[in-house]
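Biologist: Let's go through this structure term by term. I will ask what each label rests on.

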Amino acid sequence: MSYLFLAFFIAGILLGVRLMFFGAERRRVRAVGATPLRRSEPAAVAFLMMFGVAGYLIARRGALSIGSGLVIALVLALVWAGVVTWIADRTARIQPEHDPEDPRYALQGHVGTVTAEILACGEGEISYDGGRGPTRARARAIDDAAIGVGEEVCIERVDDGVAFVERWSLVEERL
């Protein structure tokens with residue numbers, strides 16, 4: 001009987017790993033106020049794992065009959081699945097109080113061209129397409145190296161009007 005409970009526990013772990021990789025969110029939320037969570041997956045993981053653990057521990061003790069051990073493990077697993085589903089549902093409904101997007105990284109990954117040499121440990125100027133045509137900005141190299149006029153750069157962030165950039169050739173090598 002212990003092997004059966006271990007199989008339930010292992011199935012719960014495997015399903016839990018799948019849940020960690022792919023999540024439990026619905027792809028499309030159908031109605032206003034509907035939960036963005038597929039409740040069945042967290043419930044199944046919690047049920048399988050608790051049924052496996054409780055059943056295994058009860059079977060190993062040998063103090064109860066097989067039938068009563070199964071019933072106790074089943075009740076514990078159902079209660080635990082309900083608790084986990086309730087927690088997951090409440091967590092999925094939390095709305096952030098503010099926009100977590102950091103405006104410094106809005107241009108991250110944009111490619112620009114150096115228009116005034118970026119000095120070592122100093123500033124220069126770049127030009128990039130800001131959506132409304134070419135935009136110029138002060139720039140610094142993230143590695144404090146000099147970058148010549150005409151070289152392509154990749155914007156890492158913009159801090160206080162200064163774009164921190166890296167040579168596009170270095171970024172391209174990593175890709």
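Biologist: Where is serine 127 found?

Modeller: Serine 127 is found in strand β2. Strands (E, at least two residues) and helices (H or I, at least four) are DSSP runs, numbered from the N terminus. A word on the source: this is a predicted model, where local features need pLDDT of at least 70 and side-chain atom pairs count only at pLDDT 80 or more, while totals for chains, interfaces and linings use all residues. Residues are numbered from 1 along each chain as its sequence is written, and side-chain values use heavy atoms, with hydrogens and water left out.

Biologist: Why is serine 127 called buried?

Modeller: Buried means under 20% relative accessible area, exposed means over 50%, and partly exposed is in between (1.4 Å probe, protein chains only). Serine 127 has 18%, so it is buried.

Biologist: Which residues is serine 127 in contact with, leaving aside its neighbours within four places in sequence?

Modeller: Serine 127 is in contact with Gly112, Thr113, Thr115, Pro134, Thr135 and Arg136. Contact means heavy atoms within 4.5 Å.

Biologist: How many salt bridges does the rule give?

Modeller: The count comes to 9. One of them joins the side chains of glutamate 156 and arginine 157, at 2.6 Å, N to O. Glu156, Arg157 and Asp159 are linked in a network of salt bridges.

Biologist: How many disulfides does the structure hold?

Modeller: The structure holds 0 disulfides. A disulfide is a pair of cysteine sulfur atoms within 2.5 Å.

Biologist: Is cysteine 121 buried or exposed? And cysteine 154, buried or exposed?

Modeller: Cysteine 121 is at 55% relative accessibility, so it counts as exposed. Cysteine 154 is at 11%, so it counts as buried. Cysteine 121 is found in the loop between β1 (111–116) and β2. Its phi is near 60 degrees, a positive value in a residue other than glycine.

Biologist: How do you know that the span of α3 agrees with its number of residues?

Modeller: The expected span is 1.5 Å times one less than the number of residues. The 27 residues of α3 should span 39 Å, and its end C-alpha atoms are 38 Å apart, so the two agree. For α2, 22 residues should span 32 Å; the ends are 31 Å apart, which agrees.

Biologist: What do the buried residues of α3 pack against?

Modeller: They pack against α2 (40–61). Gly69, Ala73, Ala77, Ala81, Thr85, Ala88 and Asp89 are buried in α3. Phenylalanine 47, in helix α2, is in contact with Leu74, Ala77, Leu78 and Ala81, leaving aside its neighbours within four places in sequence. What covers the buried residues of α2 includes α1 (2–22) and α3.

Biologist: What makes the nonpolar surface patch?

Modeller: Val71, Val75, Val79, Trp80, Val83, Trp86 and Ile87 make a patch of about 650 Å². Patch residues have over 30% relative accessible area and no salt bridge; like charges are joined within 9 Å, nonpolar side chains (Val, Leu, Ile, Met, Phe, Trp, Tyr) within 5 Å. Accessible areas come from the Shrake-Rupley method with a 1.4 Å probe, and for residues only the protein chains shown count as cover.

Biologist: Why is valine 83 called partly exposed?

Modeller: Its relative accessible area is 34%, so valine 83 is partly exposed. Valine 83 is in helix α3 (residues 66–92).

Methods:
Salt bridge = Lys/Arg side-chain N within 4 Å of Asp/Glu carboxyl O.
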